[in-house]
Structures are given as structure tokens and as C-alpha cells.
Amino acid sequence: MVQFFIMRELLERKRLEPCPYERIVLNTSSGYHFMKIQLIFQEVQLRLNAAQFKQVIILALKELHGEIGAALLLDVLTFDEQTLTAIIRICSRGLVKLWSALTLLGNYQNQSCAFRVIQTSPFLLALAGNSRELVLD
């Protein structure tokens, strides 16, 4: 009991200043996440259009998560046929399922392939630039 009074008295004498560091956590209410992904083939480069590219993604989801995984809301916003790079929109609750399915996809039409996740963000504007590819003059 005596220790309590001593501690209280010490705290009253010495006023602690608030910490200058403030942690800010952003809890986004966005219902979607955006991913910039690229499909890479090991040997022969297949030509795919946007619909076929989306079909590869749905196939990956279906292989890993079944029909429920294949039913996730998914949109291909942009697609480059030369590099097989796309920006896709996925509902936030399905992001982990999609990412795991893309990671574990190993072949398409008997060709070895892999998805590379280049960027991901809950904000589409964040995918507009990549600081890793920034060229300064």
C-alpha cells in the first residue's frame, strides 16, 4: 500500500509529456483491391486476349478453391497483349484467395507458366506509378 502512494506522488511531481510519434492506421472502407499482375510462360509465349487472360485467372481460382473460388467478383480493367500484364479489380474479401490461386498456378494448356504480382493496393491511383521503375534525369 505504501508503494502505491509513493508511485502516485512521483507521478504527480513528474508530468510526462506526450510522445511526439503518432501512429495512424488507415482502415479502408473500400470494397475492392486492385492488382497489377503479369503472366509469364517458361518456354513458348502464348497469345492471349483479355477474355482468355481472365479465363486463366478463373481457372486458377477454380483449381484451388473450387466453384466458390471461381465465383469471386473479378474485373480485368486494363490488359496489354504484348507483355500479358493486366490491372484487375477484386472484391477485398477475395484478395487472399486470388493471390494464393495465382501463386500456385503452374501450367496453362500444357505450358509451364507463373503469375507475377507486380503491385497491389486498395486504391487504383496507387498503381499508376511504380517507384521501383522510376527514372530520374
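Trainee: Why is R89 said to lie over the face of Y32?
Mentor: The model is predicted, and in it R89 is placed at 4.3 Å from the ring centre of Y32. The cut-off for a charge over a ring is within 6 Å of the ring centre, together with a limit on the angle to the ring normal. The value of 4.3 Å therefore meets the distance part of the rule.

Trainee: What makes R89 and D75 a salt bridge?
Mentor: Their side chains meet at 2.6 Å, N to O. The rule asks for a side-chain nitrogen of Lys or Arg within 4 Å of a carboxyl oxygen of Asp or Glu, so the pair qualifies. R89 belongs to strand β3 and D75 to strand β2, so this pair ties together parts that are 14 residues apart in sequence.

Trainee: What makes E67 count as exposed?
Mentor: E67 has 54% relative accessibility, and the cut-off for exposed is over 50%. K62, at 43%, is partly exposed.

Trainee: How many aromatic pairs does the rule give?
Mentor: It gives 2 aromatic pairs. In one of them, F53 and F79 are 4.8 Å apart, centre to centre, with 45° between the planes.

Trainee: What is the pair of F53 and F115 called, and why?
Mentor: This pair is edge-to-face, with 5.7 Å centre to centre and 75° between the planes. The angle is over 60 degrees and the distance within 6.5 Å, so both conditions hold. F115 is in strand β5 (residues 111-121), 62 residues from F53 in helix α2. F53, F79 and F115 form one aromatic cluster.

Trainee: How do you know that F53 counts as buried?
Mentor: Its relative accessibility is 0%, and the cut-off is under 20%. F115 is buried as well as F53.

Trainee: Why are β2 and β4 called edge strands?
Mentor: The open sheet has 5 strands in the order β2-β3-β1-β5-β4, with antiparallel pairing. β2 and β4 (107-108) each pair on one side only.

Trainee: How do you know that β2 pairs with β3?
Mentor: There are 6 bridges between β2 and strand β3 (residues 85-91). Pairing needs at least two, so these strands pair. T78 stands opposite I87 in β3.

Trainee: Which helices pack on the sheet?
Mentor: α2 does, touching β1 (32-41), β2, β3, β4 and β5, and its direction makes about 135° with that of β2. Helix α3 (residues 95-104) also packs there, touching β1, β2, β3 and β5, and its direction makes about 5° with that of β1.

Notes
Residues numbered from 1 in each chain as written. Predicted model: local features only at pLDDT ≥ 70, side-chain atom pairs only at ≥ 80, totals over all residues. Heavy atoms only, no water. Phe/Tyr/Trp six-rings, centres within 6.5 Å; stacked < 30°, edge-to-face > 60°. Buried < 20%, exposed > 50% of the residue type's maximum accessible area, 1.4 Å probe, protein only. Helix = DSSP H or I, 4+ residues; strand = E, 2+ residues; numbered from the N terminus. Lys NZ or Arg CZ within 6 Å of the ring centre and 35° of its normal. Contact = heavy atoms within 4.5 Å. Axes fitted to C-alpha atoms, helices over the stretch in contact; angles between N-to-C directions.
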